[in-house]
Amino acid sequence: MAARNTNEEPLSSVMLKLIDAYGFADKLDERKALAAWSIVVGKSIAKQTGDLYVHKRKLFVTINYAALKSELLFAKSRLLQSINKEIGKDFLQDIIIR
């Protein structure tokens with residue numbers, strides 16, 4: 001009896017290949033970045049966040065309080081690094097705080 005040749009792969013590997021093949025990798029990373037914002041800054045600051053969206057690998061954040069806005073601008077590079085770490089790769093290029 002001949003040995004059976006199979007092309008078995010883990011489902012997670014197949015899903016990642018499909019995501020890449022259909023060009024959904026960036027959209028998935030955008031969603032991860034949005035979710036990572038509240039994890040990185042915490043619930044209290046996340047509640048003070050207005051609009052939050054990703055466009056061309058930049059995270060746009062609207063803050064309503066001037067003092068909080070200045071604090072976040074001061075910590076922008078650290079926030080960018082922490083969010084990318086939470087995502088698992090260097091996806092975001094910048095954070096625009098308005």
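**Figure 1. The exposed and buried sides of helix 5.** On the face turned away from its buried side, helix 5 carries the exposed residues Ser 77, Arg 78, Gln 81 and Lys 85. The model shown here and in the other figures is predicted. The buried residues of helix 5 are Leu 79, Leu 80, Ile 83, Asn 84 and Ile 87. Looking down the helix axis, these buried residues fall within an arc of 130°, so they line one face of helix 5.

**Figure 2. Length and end of helix 5.** Helix 5 runs over residues 76-87 and has 12 residues. From its first C-alpha to its last it reaches 16 Å, close to the 16 Å expected at 1.5 Å a residue. Gly 88 follows helix 5 and has a positive phi, near 105°.

**Figure 3. The largest nonpolar core.** This core has 19 residues. The members that touch the most other members are Trp 37, Leu 59, Leu 72, Leu 79, Ile 83, Leu 92 and Ile 95. At least two residues of the core are supplied by each of helix 2, strand 2, helix 4, helix 5 and strand 3.

**Figure 4. Surroundings of Leu 72.** Leu 72 is one of the core residues that touch the most other members. With its neighbours within four places in sequence left aside, Leu 72 is in contact with Trp 37, Ile 45, Ile 63, Leu 79 and Ile 97. Among these partners, Trp 37 and Leu 79 are also listed with Leu 72 among the core members that touch the most others.

**Figure 5. Asp 29, a buried residue in helix 2.** Asp 29 is found in helix 2. Its relative accessibility is 3%, and because buried means under 20%, Asp 29 counts as buried. Apart from neighbours within four places in sequence, Asp 29 is in contact with Ile 87, Lys 89 and Phe 91.

**Figure 6. The close-ups placed in the whole protein.** The protein has five helices and three strands, which follow the pattern α-α-α-β-β-α-α-β along the sequence. Its C-alpha atoms fill a box of roughly 75 × 20 × 20 Å along the principal axes. The radius of gyration is 19 Å, whereas a compact globule of 98 residues would have one near 13 Å. Buried residues make up 24% of the 98 residues.

Technical notes:
Residues are numbered from 1 along each chain as its sequence is written. This is a predicted model: local features need pLDDT of at least 70, side-chain atom pairs count only at pLDDT 80 or more; totals for chains, interfaces and linings use all residues. Side-chain values use heavy atoms; hydrogens and water are left out. Helices (H or I, at least four residues) and strands (E, at least two) are DSSP runs, numbered from the N terminus. The expected span of a helix is 1.5 Å times one less than its number of residues. Buried means under 20% relative accessible area, exposed over 50%, partly exposed in between (1.4 Å probe, protein chains only). The arc is that of the directions from the helix axis to the C-beta atoms. A nonpolar core is a set of buried Ala, Val, Leu, Ile, Met, Phe, Trp, Tyr and Cys residues joined through side-chain atoms within 4.5 Å. Contact means heavy atoms within 4.5 Å. The radius of gyration is taken over C-alpha atoms; the globule rule is 2.2 Å times the number of residues to the power 0.38.
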